[in-house]
Amino acid sequence: MATVQFRITGGEVTPEITMPISATILDLKERIQLFTGIVMTRQSLRFNNQELTNDRTIGHYGFGQFATLVLDVKPLNDQFPKFYILVKSCNEQSKMIKVKETTLVGDLRSKIERQFGIPGKLMSLFRLSQEMNDDFPLSAYYVCAGCEVEVVINTESR
């Protein structure tokens, strides 16, 4: 069976997903949702600045064996901009923390410092195995309601 390996760009995390050419773009979005947690209705995929249509098959677009797509994520409704994420540390301590997509990673680090009592300079934050940069918003790492952010304690300050 012929497949296409997709590299999904648009954020700081770049998942790679292999799909059969008989699958639809909606099927691909479902796999992206499983990986990132971003619901399909908030996803828009582009290839060479062309938005891909949900009901078309992957084979319709003639991607070849490898393709890079851009994932655009529709912002949350202003009426419900805050949501909870699960923050877990290596010592199995975990807490639900309320954030916005626009919250900077550095601001999340400060919240974790206050709630966990861990100095910010001693922690690294990870989402989907990618270390998070303080200067980026949480949305750059596909942080969404109910997702997990991992705290790793460093033996030396950052």
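**Exercise 1. Which strand gives the largest share of the lining of the largest pocket?**

Before we start, note that this is a predicted model, in which local features need pLDDT of at least 70, side-chain atom pairs count only at pLDDT 80 or more, and totals for chains, interfaces and linings use all residues. Residues are numbered from 1 along each chain as its sequence is written, and side-chain values use heavy atoms, with hydrogens and water left out.

*Step 1.* Get the terms clear. A pocket is an open set of points on a 1 Å grid over the protein atoms alone, where a 1.4 Å probe fits, with protein on both sides within 12 Å along at least five of seven lines; lining residues have an atom within 4 Å of a point. Strands are DSSP runs (E, at least two residues) and helices are too (H or I, at least four), numbered from the N terminus.

*Step 2.* Find the pocket. The largest one has a volume of about 290 Å³, the volume being the space filled by probe spheres set on the points. Its lining has 18 residues, and Arg42, Pro75, Leu76, Glu101 and Ser139 are the closest to its centre.

*Step 3.* Look for the strand. Strand 5 (residues 66-73) gives the largest share, three residues.

**Exercise 2. Work out why strand 8 is largely enclosed by the rest of the structure.**

*Step 1.* Check its partners. Strand 8 pairs with strand 10 in the antiparallel sense over four bridges, and Ser124 has Val152 as its bridge partner. Two bridges join strand 8 to strand 9, also antiparallel, with Gln130 as the bridge partner of Arg127.

*Step 2.* Four of the five residues of strand 8 are buried, so the strand is largely enclosed by the rest of the structure.

Terms used. Buried means under 20% relative accessible area, exposed over 50%, partly exposed in between (1.4 Å probe, protein chains only). Two strands pair if DSSP finds at least two bridges between them.
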